[in-house]
Every structure is written in C-alpha cells, then in structure tokens.
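Subject: A structure for you to look through

Dear colleague,

I am passing on the structure that we talked about, and below it you will find my notes on what turned up when I went through it. Please read them with the model open beside you.

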Amino acid sequence: EQKAIVLQKYVRGWLAALRYGRTLRAVVYIQCCYRRMMAHRLLKKLKVEARSVEHYRKLNKGMENKILQLQCRVNDQTKENKTLVEQMTALATSHESEVQCLKNEIERICRREEETKVLIMQEITAKLQVELQQTIQDRRDTEIKASQELNLLRRHLAVLEKENGQLNDEKETFNKLVLEQSKIIEEQVALKVASKSRQLQAEAEQERFHYQSLMKEFSRL
C-alpha cells in the first residue's frame, strides 16, 4: 500500500508537470499573438504618418503651380502694356499726319480761291482749328488715360511681384517646415522602434529566465 501511494504521487506529479507545460506553451502563444497584433497596429500608425508627409509634399507642389500661374499673369500684363504703348504711338503719328494734311489743304485752298471766298475759308479754317483743338484735346485725354492705365498696370505688376516674393518666402518656409516635420517623424519612428525592440528583448529575456527556472524546478522534481 505504501508503494502504491508513492507511485500515485509520482504519477500525479508527472501529470501536473504535463498540464503545466501545456499551460505555459498556451500562455506563450497568447503573448506572441498579442505582440503581433500590437506590432500590426504600430505599423498602420507609421503608415498613416508617412501618408501625412506625402500630403505636405503635394501641397508644396500646388504652391509651385500657383507661383507659375502668377508669373504667367505678370508676363501677359507686360505684353498688354507694350501693345497699348505701341497703339498710342501709332495714334499720335496718325493725328499729326492728319493735322499736317489739313494745314496743307487749307493753304492750297487759300492760294487758289478768290478774295470773295476768303471769309468762307476763314470760317472753314476756324472750324478746322476747333476740330484740330478737339483732336489735340482728345489725344491728350487719350494719352492721360493711357498713362493712368499704364501706372495702374505698373502698380498691379508691383503687387504681383510682391505677392510672388511672398509666395516664394512662404514656399521656402513651408519646405523648411516639411523637412523639419519629416525629420521629427523619422526620429520619433526610430525612437519608437528602438524602444519597442528593447522592450521585446527584455520580455524575451524575462520569459527565458522564467522558463529556465521552471525547467530547473521540473528537473528538481
């Protein structure tokens, strides 16, 4: 009977050791599954942060396109200004030639007409002078208007150049911000990866130490 009790004790110890080993393996498997799940979550988070960096780069590209559009507008305004100046020069030349032709015609008529028609010619001359003065006044008004429009275009061009400079400054600031944020994100990711690696190594060491302790206890039993 005493030998049967001893045999039962060893059998029960052996069965308990088997159950403990199965339980330990199940716990280790559950821990591995949990760590794998946390690693997947961390990977998704890092991917989202990488997409945010790509978004900043796209915004930077949009700013460059806007600057190019403004530069095209400035070039178009300059071309229109040059065309307007050429039109004003041609109009002034045409007016001067018309005035000269009118004067020549008046002199020719005055020489050919009789004295009885002098008064009529004087009236015509006065009328022509009035028209000439009106033409000159119209020309002056046109020149003043053109000068005002030219000044307005110059001011608008200066404003566009100023905006272009501001946009370039904003672009440089934005590029610096994107680079700084990219460096910060990379440093944070490196720190997180290093911290996670150290944590996993510490846990592995702890589990190995625990497992060795269990094996020693099992060997002792």
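**What was found**

Please keep in mind throughout that this is a predicted model, and that the values below are computed from it.

Let me begin with the overall picture. The secondary structure consists of two helices and zero strands; helix α1 covers residues 2–112, while helix α2 covers residues 118–220. Of the 221 residues in the protein, 14% count as buried, and the accessible surface amounts to about 18300 Å², with 58% of that area belonging to carbon and sulfur atoms. If you look at the contacts with a separation of 6 or more, you will find that 93% of them are accounted for by residues 24 or more positions apart.

Next come the charged pairs. Side chains that carry opposite charge can pair when their charged atoms come close, and the count here comes to two salt bridges.

In one of these salt bridges, the side chain of E203 meets that of R35, at 2.8 Å from N to O. Because E203 belongs to helix α2 and R35 to helix α1, this pair ties together parts of the protein that are 168 residues apart in sequence. E203 has a relative accessibility of 23% and therefore counts as partly exposed, and R35 is likewise partly exposed, with a relative accessible area of 23%.

A salt bridge also joins the side chains of R139 and E143, at 3.1 Å from N to O. Here both residues lie in helix α2, four residues apart, which is about one turn of the helix. R139, at 24% relative accessibility, counts as partly exposed, and so does E143, for which the value is 34%.

Which residues make the nonpolar surface patch? They are L7, V11, W14, L15 and L18, and the patch they make has an area of about 460 Å²; W14, one of these residues, lies in helix α1. A positive surface patch, on the other hand, is formed by R41, K44, K47 and R51. Among them, K47 is also found in helix α1, and this lysine counts as partly exposed because its relative accessibility is 45%, a value that falls between the 20% limit for buried and the 50% limit for exposed.

Note on methods: Residues are numbered from 1 along each chain as its sequence is written. This is a predicted model: local features need pLDDT of at least 70, side-chain atom pairs count only at pLDDT 80 or more; totals for chains, interfaces and linings use all residues. Side-chain values use heavy atoms; hydrogens and water are left out. Patches are made of residues with over 30% relative accessible area and no salt bridge: like charges are joined within 9 Å, nonpolar side chains (Val, Leu, Ile, Met, Phe, Trp, Tyr) within 5 Å. Accessible areas come from the Shrake-Rupley method with a 1.4 Å probe; for residues, only the protein chains shown count as cover. A salt bridge is a side-chain nitrogen of Lys or Arg within 4 Å of a carboxyl oxygen of Asp or Glu. Lys and Arg count as positive and Asp and Glu as negative; His and the chain ends are not counted. The place of a charge is taken as NZ of Lys, CZ of Arg, CG of Asp or CD of Glu. Buried means under 20% relative accessible area, exposed over 50%, partly exposed in between (1.4 Å probe, protein chains only). Contact means heavy atoms within 4.5 Å.
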